[in-house]
Amino acid sequence: MKKLLWMVSLAMFGINLNALANDSVIKLPQPNMTGGMPLMEAIDNRHTERSFGLKEIDNQVLSEILYCAWGVSHDGKRTIPTSMNKQNLEVYVIKADGAWLYDGKENTLTQVSKEDLRPFFNQQDYMKNVPLNLLYVGTDAKNSPMHAGSAYQNVGLYAASRGLNNVVRGYFDKKGVAKALNLKEEEVLVSQALGWPNN
C-alpha cells in the first residue's frame, strides 16, 4: 500500500516513472511555444560565434533546441521540411555525460553511449569548453544533408533568439564518432556546437 501511495504521489507531481525505472531515458520538458525574438530580428541577429562559456544548457533550453532541429509540430510532421516526407535524419546530443539520441515524437533522449565523445569534436581550441554538440546523421545521401541544413538553420535562429552562441562544423573526427556510436548504414553529416557566451 505504501508503495502504491508513493507511486501515485510521484505521478501527481509529474515525475516520469519510466525515467525513474530507466535512467538512460530522459523525458524532456515541453518546449515553450510562446515568446522569443520576432523572426526578422532573429534572422538579422543570427551569426556564427566561436567562443563558449562553461555554463551548462539546462533541459528546458535543450528541449527547445531539439524541437527546432527535429521536433514534431502541431500537424504531426517535423518542424523542418523534409523531401517527400522522408524523415531520414537523426539528431544526437553529445555532452560530458555521453551521447544521447533524440526522439522528437516522444520528446525524449535515450543514452546510446556513456563515453565522453567530445574529444572527437575538439580539433580546434575554441571547442574545448563547448557544453553541447548536436550531431546530424542521415541514411540518404541525396536528402539527409538538405534536412540537416534545415535543422541547423532552425537551431541557429533559436540560438540568436535566446542569446546562445553556435557554430556549424564539418571539421571533426567523423569516422571516430561514427565508430563510437556504432553507426552502420548512417552517415555522419555535420555537427553544431552550442553554448552560452563567456561572461
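**Exercise 1. Which strands does helix α5 lie across, and at about what angle does it run to β7?**

Solution. The model is a predicted one, in which local features need pLDDT of at least 70 and side-chain atom pairs count only at pLDDT 80 or more, whereas totals for chains, interfaces and linings use all residues. Residues are numbered from 1 along each chain as its sequence is written, and side-chain values use heavy atoms, with hydrogens and water left out. Helices (H or I, at least four residues) and strands (E, at least two) are DSSP runs, numbered from the N terminus. Helix α5, residues 144-162, lies across β2 (89-95), β5, β6 and β7 (187-195). The helix runs at about 5 degrees to β7, where axes are lines fitted to C-alpha atoms, for helices over the stretch in contact (heavy atoms within 4.5 Å), and angles run from 0 to 180 degrees between N-to-C directions.

**Exercise 2. Determine the order of the strands in the open sheet, and state which of them are edge strands.**

Solution. Begin with the inventory: the secondary structure comes to 6 helices and 7 strands, which follow the pattern α-α-β-α-α-β-β-β-β-α-β-α-β along the sequence. The open sheet of 7 strands has the order β1-β4-β3-β2-β5-β7-β6, with antiparallel pairing; two strands pair if DSSP finds at least two bridges between them. The edge strands are β1 (25-27) and β6, each of which pairs on one side only. Neighbouring strands of the sheet are turned by 25 degrees against each other on average, direction ignored.

**Exercise 3. Characterise the aromatic pair of Phe121 and Phe172, and explain which parts of the chain it ties together.**

Solution. Rings of Phe, Tyr and Trp (its six-membered ring) pair if their centres lie within 6.5 Å, and planes under 30 degrees apart count as stacked, over 60 as edge-to-face and the rest as tilted. The structure holds 2 aromatic pairs; in one of them, Phe121 and Phe172 are stacked, at 5.1 Å centre to centre with 20 degrees between the planes. Phe121 lies in the loop between β4 (108-113) and β5 (132-138), and Phe172 in the loop between β6 (165-169) and α6 (174-180), so the pair ties together parts that are 51 residues apart in sequence. Buried means under 20% relative accessible area, exposed over 50%, and partly exposed in between (1.4 Å probe, protein chains only); Phe121, at 0%, counts as buried, and Phe172, at 8%, is buried as well.
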